[in-house]
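This report covers pockets, a helix pair and cavities. Look at the structure first, then read on.

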Amino acid sequence: MARYIDRNPVPTGLSDASTRRSHHDVVVVGARCAGAAVARLLARAGHDVVMVDRSHPARDTSSTHSLSRGGVVQLQRWGLLDDVVATGTPEIRSVSFHHDGESVPHVLRDRAGVDFVIAPRRYVLDALLADAAVAAGARLVTDTTVTGVLRDTGGRVIGVTARDADGTPRELMAHLVIGADGLRSSVARYVGAQVVERHDPTGACFYTYVGDVDWDGIQLHVEDDAFAGVFPTHHGEACVWLIRPVDQLAPVMRAGADRAPAWLSALDTTVPELARTVEKGRITAPLRGYAALPNHLLRPSGPGWALVGDAGYHRDPVTGHGMTDAFRDAELLADAVDRVLRRSCPEGVAMARYERERNAALAPIFTLTRALGAFPPAREFLELQTRLSRALDAEALALADRPSLDGTAADDDEDDLARVA
């Protein structure tokens, strides 16, 4: 269980008789995958970091929580993989593709130093990441809602305003404010972050958890206009999900209290083999899901602020890549922020580099995500899955080759400065 501290950080000054004010190098709004990761990296680099979250990382959140090979590589590089596995999430070493009554199994081979993937429950993983950030020296303020940003006379963001659950107002001042607060990011809204690339939303997904089944690895079931699967997770259960075009899952969305039976009926219609397995097991949780989530890219930084994770880039969850995106971009941003705080690189130069690197890293899988989300015929969908597997391996190798944040990159800084000049 994570250690949550600084529920009431000691104020270093008061803006009025009732408002608490504290000062930090960095305020991170959001303390889950992206926020906790970037906070931990910056705290380990010696910076004063505070995370602010309106909820609590140990509370559950919507997610199919598949972590691709690149995400596992990141956890290994950060020294956290053994801790995550020790929580009981299974090491998944096989993936089977099912189509038209046929099943093709694949054993995961070693790539980038790992030979398994994981799908941990979010309330377990997020709590562990938050605890790791706190252990590294970051502070965590929970059950506190950010209500706005503070700016200096030149318009630069210099902090956030917030309110505790008991109504106490706060001002958290910082050299940089990082929005890691998800798809509907309040930080992105408050700073007016520009959407620089937008594509039509695609499918809908509904999922639940199923126990009392001897789940053996990841299952991916592909049929025309249907993509379903199984991610083994904690407690001997698996996340079982069904993704279809939005109109095809409209009966489930309209079913109200009968959503679970409607979902099982839709699963039986599209992937009867998986539906029969679910019926033999035990559904352990209410149905959860989403419909028509955006495919977009936001400008990730401006004077005094930056965005990371879903706050700055969101793609259809059909590729199950959100957490890996968050880990990758957290490291890219932490590297940029560290350069700024160490004064080894001007803020504008460092953040421009962060944007370039982020955009280049996400592009291949973003393209494949949109292609898969368009639900091409099943055979083409399977071919895209093969291309996706190669892209995920390439990503994992690139992440494994990244230098540690503890290192320096003076040559890179000089290259960036020369590019600006």
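## The second largest pocket

The model is predicted. Its second largest pocket has 38 lining residues. Nearest the centre of this pocket lie Val95, Phe97, Leu220, Gln385 and Ser389. The space inside comes to about 930 Å³.

Which element gives the largest share of the lining of this pocket? Helix α11 does, with 9 residues. This helix spans residues 378–400. Strands also take part: β4 (94–99), β5 (102–107), β12 (218–223), β13 (226–232) and β14 (238–245) each supply at least two lining residues, as does α11. By class, the lining of the second largest pocket holds 20 nonpolar, 11 polar and 7 charged residues.

## The largest pocket

The largest pocket has a volume of about 1200 Å³. Its lining counts 47 residues. Closest to the centre are Thr61, Ser62, Gly182, Leu183 and Asp310.

Two or more lining residues come from each of the helices α1 (33–44), α5 (186–191) and α9 (322–341), and from each of the strands β7 (144–151), β11 (203–211) and β16 (288–291). The lining of the largest pocket divides into 18 nonpolar, 20 polar and 9 charged residues.

## A helix pair

Helix α9, which gives residues to the lining of the largest pocket, also packs against α10 (residues 347–373). The angle between them is about 165°, and their axes lie 9 Å apart. Are the two helices roughly parallel or roughly antiparallel? They are roughly antiparallel, because an angle of about 165° is over the 145 degrees that this label requires. The crossing of α9 and α10 is right-handed.

On the α9 side, the contact is made by Arg328, Asp329, Leu332, Leu333, Asp335, Ala336, Val337, Arg339 and Val340. On the α10 side, Glu347, Ala350, Met351, Arg353, Tyr354, Glu357, Arg358, Ala361 and Leu362 take part. This contact contains 10 nonpolar and 8 charged residues, with no polar ones.

The lining residues are Leu332, Asp335, Ala336, Arg339, Ala350, Arg353, Tyr354 and Glu357. Of these, 4 are nonpolar and 4 are charged, and none is polar.

Terms used. Residues are numbered from 1 along each chain as its sequence is written. This is a predicted model: local features need pLDDT of at least 70, side-chain atom pairs count only at pLDDT 80 or more; totals for chains, interfaces and linings use all residues. Side-chain values use heavy atoms; hydrogens and water are left out. On a 1 Å grid over the protein atoms alone, a cavity is a set of points where a 1.4 Å probe fits but cannot get out, and a pocket is an open set with protein on both sides within 12 Å along at least five of seven lines; lining residues have an atom within 4 Å of a point. Grid points are joined across faces, edges and corners, and a volume is the space filled by probe spheres set on the points. Helices (H or I, at least four residues) and strands (E, at least two) are DSSP runs, numbered from the N terminus. Ala, Val, Leu, Ile, Met, Phe, Trp, Tyr, Cys and Pro count as nonpolar, Asp, Glu, Lys and Arg as charged, and the others, Gly among them, as polar. Axes are lines fitted to C-alpha atoms, for helices over the stretch in contact, and angles run from 0 to 180 degrees between N-to-C directions. Angles under 35 degrees count as roughly parallel, over 145 as roughly antiparallel, 65 to 115 as roughly perpendicular and the rest as oblique. A crossing is left-handed if the near helix is turned anticlockwise from the far one by less than a right angle, and right-handed if clockwise. Contact means heavy atoms within 4.5 Å.
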